[in-house]
Amino acid sequence: MDAAATRPPNDELAALAREARWRIVETVAASKAGHIGGPLSATDLLIALYFAQLAIDPADPQREDRDRFILSKGHSAIGLYAVLALRGYFPVEELATFDHGDSRLQGHPDMLLTPGIDASTGSLGQGLSAGAGMALGAKRLGRDFHTWVMVGDGELEEGMVWETVLSAPRFGLDNLTLIIDLNGLQQYGWPAGDADRFDRSEPVGHVDLERVFTGFGWNALTIDGHDFDAILGAFDRVTADRGVSGRPTVIIARTAKGRGISFTEGTYRWHNGVATEEQLETARTELLGATGAGR
Ligand SMILES: Cc1ncc(C[n+]2csc(CCOP(=O)(O)OP(=O)(O)O)c2C)c(N)n1
Ligand SMILES: [Mg+2]
């Protein structure tokens with residue numbers, strides 16, 4: 001199914017994103033371990049991809065001509081699992097097994113275990129190379145699917161990312177799109193000086209990413225990664241460009257780490273973490289309303 005042809009209205013996407021955010025924080029609390037900040041910054045982008053863009057069929061996760069999505073920032077797996085569950089790949093109740101030894105939903109995505117996962121990730125830096133391979137394979141075999149990869153901004157410190165940034169335009173991969181979840185924070189941060197090891201400064205705050213990617217031969221768009229009009233507009237430009245420019249596109253999505261919950265938003269302290277009962281109640285009220293009616 002081509003999701004772009006039958007897009008839900010933005011308020012529906014926003015409601016799904018609130019539900020996904022609730023599932024993320026609730027699931028990690030129940031499993032007593034997991035990441036929060038990265039999954040929450042990526043939620044709106046993931047919802048937009050899975051409900052309004054990707055040509056996929058949850059009933060047939062291995063369909064050959066499906067669009068591919070690789071969560072290169074694999075530590076945000078619970079965000080992807082929540083969205084896959086809401087999209088119908090597996091029951092929402094299965095989220096309760098997250099990170100258990102015998103679960104299909106491991107702490108990092110496993111393409112051999114979980115329906116809907118196209119690449120196993122978690123060791124940062126590798127997803128874009130895998131995605132370029134898929135996109136190149138599609139070109140060589142004359143297949144019409146699109147490959148999407150999401151990286152974190154801290155992940156851009158991994159050298160392997162740049163090997164593919166350099167080579168993808170030479171292969172003419174206009175069927176490959178990179179989304180950068182530019183939330184301004186990683187796990188710790190850069191040292192400000194000897195006395196202060198962790199100043200939590202932006203990983204790539206000193207870089208003009210649009211200029212860098214354009215210089216390497218990519219199309220580059222910068223958007224607000226929490227604004228569905230902006231996200232879908234960028235997706236439309238990617239679609240319009242397929243088979244036209246011969247260039248891959250990067251969508252530089254400005255986001256907030258921990259987005260959507262007052263005590264997690266904008267702080268490295270919730271890179272990972274387990275909410276208390278009281279914090280869960282706050283999160284539920286903020287995301288779903290006092291009655292949970294937002295669900
Ligand atoms: C190769 C590698 N080094 C270190 C880690 C540990 N690690 C997990 S998440 C993370 C920070 C990632 O920051 P960013 O890419 O900005 O992700 P986000 O802010 O979206 O959580 C680190 C260092 C890892 N998973 N892989
Ligand atoms: Mg980050």
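How many nonpolar, polar and charged residues are in the shell around ligand 1? I was working from a predicted model. I found three nonpolar, 14 polar and five charged residues in that shell.

**Entry: the ligand shell.** I then looked up which residues come nearest to ligand 1. Among the 22 residues around it, these are G38, G152, G154, E155 and Q186. I also checked which element gives the most to the shell, and α2 does, with three residues.

**Entry: the core.** The largest nonpolar core holds 73 residues, and L45 and Y81 have the most contacts inside it. Helix α2, residues 37-52, is the top contributor to this core, with nine residues. I noted that α2 also gives the most to the shell around ligand 1.

**Entry: two helices.** Two packed helices are described by the angle between their axes and by the distance between the axes. I looked up both values for helix α4 (residues 127-141) and helix α5 (residues 159-167): the angle is about 30 degrees, and the axes are 8 Å apart. Angles under 35 degrees count as roughly parallel, and α4 and α5 are therefore roughly parallel to each other. At their contact, α4 brings L128, S129 and A132, while α5 brings M160, V161, E163 and T164. By class, the residues of this contact are four nonpolar, two polar and one charged.

**Entry: positive phi.** Most residues other than glycine have a negative phi. I wrote down two residues with a positive value. Phi of K32 is near 65 degrees, and phi of D99 is near 70 degrees. Where do they lie in the chain? K32 is in the loop between α1 (10-31) and α2. D99 is in the loop between α3 (77-87) and α4.

Is K32 buried or exposed? I found 8 other C-beta atoms within 10 Å of K32. The cut-off for exposed is 12 or fewer, so K32 is exposed. For D99 the number is 18 within 10 Å.

Methods. Residues are numbered from 1 along each chain as its sequence is written. Chains are lettered from A and ligands numbered from 1 in the order in which they are written. This is a predicted model: local features need pLDDT of at least 70, side-chain atom pairs count only at pLDDT 80 or more; totals for chains, interfaces and linings use all residues. A nonpolar core is a set of buried Ala, Val, Leu, Ile, Met, Phe, Trp, Tyr and Cys residues joined through C-beta atoms within 7 Å. A residue is buried if 20 or more other C-beta atoms lie within 10 Å of its own, exposed if 12 or fewer, and partly exposed in between; C-beta atoms are placed from the backbone. Helices (H or I, at least four residues) and strands (E, at least two) are DSSP runs, numbered from the N terminus. A residue is near a molecule or strand if its C-beta atom, placed from the backbone, lies within 6 Å of it. Ala, Val, Leu, Ile, Met, Phe, Trp, Tyr, Cys and Pro count as nonpolar, Asp, Glu, Lys and Arg as charged, and the others, Gly among them, as polar. Axes are lines fitted to C-alpha atoms, for helices over the stretch in contact, and angles run from 0 to 180 degrees between N-to-C directions. Angles under 35 degrees count as roughly parallel, over 145 as roughly antiparallel, 65 to 115 as roughly perpendicular and the rest as oblique. Two residues are in contact if their C-beta atoms, placed from the backbone, lie within 7 Å.
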